[in-house]
Amino acid sequence: EHYVECIITLEDENDNAPVLAMPDGLVWPENTQPGKVGELIATDKDTPKNGPPFTFSIDPNAPKDFKEKFSVDRAANGEYYLVTKKVFDREAQKTYSIPIKIADNQGLADVSYLTLVIGDENDNDMAPGSSNIFVYNYLGLAPTTEIGRVYVEDPDDWDLPFKTFRFQDPAQFPDFGLDQNTGIISMKEGIKLDEEIKTYHMQFIVEDESRGQAGSNAVPANVTVTVKKLPAEAVTKSGSIRINIPPEKFLASIGGISNEIPGSSFGELTDEDGRSVLTKLLRGYFNATHVDVFTLLPVNLADGGQSTDIRFSAHGSPYLPAERMELAVARRKADLERQLGGGRFKIVMVKIDECLIERKHCEGSCYNSLEIDNQ
């Protein structure tokens, strides 16, 4: 037998329209007179013969509102730029998704969406604010931990560098620290917890000299911090689930109608975060007096995505075994996804088991162990 090498060259067909290559979009400051925002950049999967130079324009089918606010201009060197036609206010709208029609040199075109972020200017006064922080402390042994930030009412949201923070009476809360530049509150290692649940009502002063809000014009802020000492039994008897979104998305306000959330009025609007709503739902599922959702652990996936491992415990007296809780969650998995996320995410595992997929993490035998530390 004889083999002859044969080289086959595939000719490109112009079957891919160009798309924007600007994943981060563009930024345009608020309160700025109309002008040139930035260059538009595209890419094409086809060969250069069927690719650049590209032509850009606002999608002809875009709503009239977009055409009144934006245009695309071509420079003398052939580059295209997004141009604003009005002055923008971030407090009115923070981002725009602008439909851009892009055509290759053969005329094949499609629409991509460009994200334009309206940059913030410190153009609003702040007002007094209040917030609540709930934190668990395992056996009262947690190391120094950042637990939240001092909150004031302020339509601006990029103005943190202009603000400074301080305790109204630093000596009153020796178990807590404060970063004066960021407003981050820290719970110190060795905090004295002589009760299972201890609440601290803190008062802060926030200043912004650029707005004339300093000294006697400074703004007060109240923060209520509740610290719950978590016993060892709560952790050793904890149940677990894994969801397919990162912790920060789970913690974001769920919003919507709270018809199916225990303890809420029918038709009432809720802006509670995911952990608060999950706690209420599990309390109903388990018919338990107390439910603690105490761990939200990010899990990095092989595809670059991120999931969240959630651990929880329930008790009246005594603590419920993990198997009973996980069975209740497994039976009502679809209900929990609907009630909690409204389709935002899926529960991908009930009872976290890293040995579920053979040889994914271990070459030989595989077993799970729960490692507990003070953090």
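1. Strand E17 (residues 239-243) pairs with strand E19 (residues 306-315) through five bridges, in the antiparallel sense. Strands here are DSSP runs of E, at least two residues long, numbered from the N terminus, and two of them pair if DSSP finds at least two bridges between them. Ile243 sits opposite Thr308 of E19.

2. The model is predicted: local features need pLDDT of at least 70 and side-chain atom pairs pLDDT 80 or more, while totals for chains, interfaces and linings use all residues. Residues are numbered from 1 along each chain as its sequence is written, and side-chain values use heavy atoms, leaving out hydrogens and water.

3. E17 and E19 belong to an open sheet of four strands, ordered E18-E19-E17-E20, with antiparallel pairing. E18 (290-300) and E20 (347-350) are the edge strands; each has a single partner strand, so one side of each has no neighbour in the sheet. From one strand to the next, the twist averages 20°, with axes fitted to C-alpha atoms and angles running from 0 to 180 degrees between N-to-C directions.

4. Asp309 belongs to strand E19. Is Asp309 buried or exposed? Asp309 is buried, at 9% relative accessible area; buried means under 20%, exposed over 50%, partly exposed in between (1.4 Å probe, protein chains only).

5. Leaving out residues up to four places away in sequence, Asp309 touches residues including Ile241, Arg242, Thr295 and Ile352, where contact means heavy atoms within 4.5 Å.
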